[in-house]
Amino acid sequence: MKKILAILLALVLVLSFAACASTAETTNEDSNAQTNETADTTETGDTDASAEDTDAAAEDAGAATEETTDAAFTTVEEGKLHMSTNAAFPPYEMVADGEGFEGTGYEGIDVEIAYAIAQKLGLELVVDDMDFTAALEAAQSGKCDMVMAGVTVNEDRLAVMDFSDSYATGVQVVIVTEDSPIATLDDIEGKLIGTQKGTTGFTYASYPPEEGGYGEDAVIGFDNGLSAVQALKNGQVDCVIIDNAPAQSFVAENPGLKILDTEWVTEDYAIGVAKGNTALLDAINGALAELIADGTVQSIIDTYITAE
């Protein structure tokens, strides 16, 4: 009996060892299979995915470069920046006696600021002189790159053009003869007013009285400020509404004229470009911001307009 039990116990032990061996072998095989599968994935799938990611990144970089190139501004004439203006608006723009500022044939605050902007953009400045309304329309239609002519921003102009940040403040005043009965702004009502056509002075003065103006019949528009001042001297109008800076020049050059003490309106000057020409506008604003920050713009203004 004891021998039989011993034999049975031995058989049980043998079977247990066999089962353990079988389990260990199976586990090792499964482990090796997983290792090989992982290795295959690393050598093939992951490598392919990495290559695809690299290609995608390269395509994105190329697309970004192409987008940047497409966003670069263009001008109506390669290598040049055309500025339309009315060069009868001292001290902002004037026809020069000689070659003018940097050979442009013109001089003034707007001319020098425009030249500095052109330099920042790596372009040559070209000044295109015309009457004020035509100067606005040239920028609006894209026949020139920008308009600088003491231009102020209003709702009507914003509807057809885009504007830069402001670079100067304009104050409109009233010029009268020294013996004029017009002593205050209230005295203008019922009088004949001379202005430059297309300007905000012309527009605002032409508004009906209930909107702060004097009515269209009370306003005569001239091609430029000098013509309006000449009409005042000849008795064709009773006063002239115009920006303070040119008003100071006109009065200094024409004895018998004076400027009323009270300002008529205050506005900011800006640069106009064709509606939707965002790339050029951004470039102009970038250059303008640098010129304001480093004091160039104020230095130019101070050259022409001295503190009183």
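I took buried to mean under 20% relative accessible area. The model I examined is predicted.

**Entry 1, helix α7.** I looked up which residues of helix α7 (residues 244-253) are buried, and I noted Ala 245, Pro 246, Ala 247, Ser 249, Phe 250 and Val 251. I then asked what covers the buried residues of α7. The cover includes the strands β2 (88-89), β8 (168-177), β11 (239-243) and β12 (257-259), together with α6 (225-233).

I recorded 4 aromatic pairs in the structure.

I next examined Phe 101 and Tyr 115, whose rings form an edge-to-face pair at 5.2 Å centre to centre and 90 degrees between the planes. I located Phe 101 in the loop between β3 (93-95) and β4 (106-107), and Tyr 115 in helix α2 (residues 109-120). The pair therefore ties together parts that are 14 residues apart in sequence. For Phe 101 I noted a relative accessibility of 22%, so this residue counts as partly exposed.

I looked up which residues form one aromatic cluster, and I listed Phe 89, Tyr 92 and Tyr 269.

Note on methods. Residues numbered from 1 in each chain as written. Predicted model: local features only at pLDDT ≥ 70, side-chain atom pairs only at ≥ 80, totals over all residues. Heavy atoms only, no water. Phe/Tyr/Trp six-rings, centres within 6.5 Å; stacked < 30°, edge-to-face > 60°. Helix = DSSP H or I, 4+ residues; strand = E, 2+ residues; numbered from the N terminus. Buried < 20%, exposed > 50% of the residue type's maximum accessible area, 1.4 Å probe, protein only. Contact = heavy atoms within 4.5 Å.
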